[in-house]
Amino acid sequence: MAYHEIGHALVAAMQSHSAPVHKITIIPRTSGALGYTMQVESGEQVLMNREELFNRIVTLTGGRTAEEEICHVVTTGASNDIEQATKLARAMVTRYGMSDKYDMMGLETVHNVYLGGDTSLTCSAETAAAIDQEVLEMIRKAHEKSRRLIRENLDVMHEAASFLLEKETITGEEFMHILHQSGKL
């Protein structure tokens, strides 16, 4: 669990256009989460560009990637991360016009925005299948980027995870101090 959370934090910290890490904990929450990494935007951000959204997907894949790279195991701990990454990648393709293939074509409609925001595709079955492929490719690229960032920073991963295991909760400042001491930033 410590490596999972540090994976999120490390990947976030090593990218540009990523919200700073505020807190990392491995103390379970009542919502079912076994821990969390909290990022807080430095100011009010209404609009996000393609790179910022893609980097958010990369950060979401960081926990699972850390499990794979460090523990050589895949667990159910990343289920919410996977759901969020998929939802975000799909929105980039179908609603935000951030797809090279579909340009600014609207492919999804949002219903009941104030009641959860159900969506429905407004395209053919063939296009829906192609959208799935584009979403999968975006997530794969994000996963590969997080894998590269983690592999390049294994020493920091081990040090930060040990610190987190000892303290159970660390601040963004403490985490950034570890990164600065390692010479990675």
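Helix H1 is mostly covered in this predicted model, with 12 of its 12 residues buried, where buried means under 20% relative accessible area, exposed means over 50%, and partly exposed lies in between (1.4 Å probe, protein chains only). Helices (H or I, at least four residues) and strands (E, at least two) are DSSP runs numbered from the N terminus. The buried set of H1 includes Tyr-3, His-4, Glu-5, Gly-7, His-8 and Val-11. From its first C-alpha to its last, H1 reaches 16 Å over 12 residues, close to the 16 Å expected at 1.5 Å a residue, the expected span being 1.5 Å times one less than the number of residues.

Residues are numbered from 1 along each chain as its sequence is written, and side-chain values use heavy atoms, with hydrogens and water left out. Because the model is predicted, local features need pLDDT of at least 70 and side-chain atom pairs count only at pLDDT 80 or more, whereas totals for chains, interfaces and linings use all residues.

Two packed helices are described by the angle between their axes and the distance between the axes. Here axes are lines fitted to C-alpha atoms, for helices over the stretch in contact, and angles run from 0 to 180 degrees between N-to-C directions. The axes of H1 (residues 2-13) and H6 (residues 172-182) come within 11 Å and cross at roughly 65°. This crossing of H1 and H6 is right-handed; a crossing is right-handed if the near helix is turned clockwise from the far one by less than a right angle, and left-handed if anticlockwise. On the H1 side, Ile-6, Ala-9, Leu-10 and Ala-13 meet Phe-175, Met-176 and Leu-179 of H6, contact meaning heavy atoms within 4.5 Å. By class, the contact of H1 with H6 has seven nonpolar, no polar and no charged residues, with Ala, Val, Leu, Ile, Met, Phe, Trp, Tyr, Cys and Pro counted as nonpolar, Asp, Glu, Lys and Arg as charged, and the others, Gly among them, as polar.

Helix H6 also packs with H5 (residues 154-167), at an angle of about 145° and with the axes 10 Å apart, and H5 passes H6 in a right-handed crossing. Val-156, Glu-159, Ala-160 and Phe-163 in H5 meet Glu-174, Phe-175, Ile-178, Leu-179, Gln-181 and Ser-182 in H6. This contact of H5 with H6 has six nonpolar, two polar and two charged residues.

Leaving aside neighbours within four places in sequence, Ser-146 is in contact with Val-11, Val-58, Thr-61, Gly-62 and Thr-65.Glu-69, in helix H2 (residues 50-71), counts as buried because its relative accessibility is 17%, and a polar contact of 2.8 Å joins its side chain to that of Arg-151.

In the loop between H2 and helix H3 (79-94), His-72 has a positive phi near 55° and counts as exposed at 65% relative accessibility.

Note on methods
A polar contact is a pair of N or O atoms within 3.5 Å; within protein, one must be able to donate a hydrogen and the other to accept it, and residues adjacent in sequence count only if both atoms are side-chain atoms.
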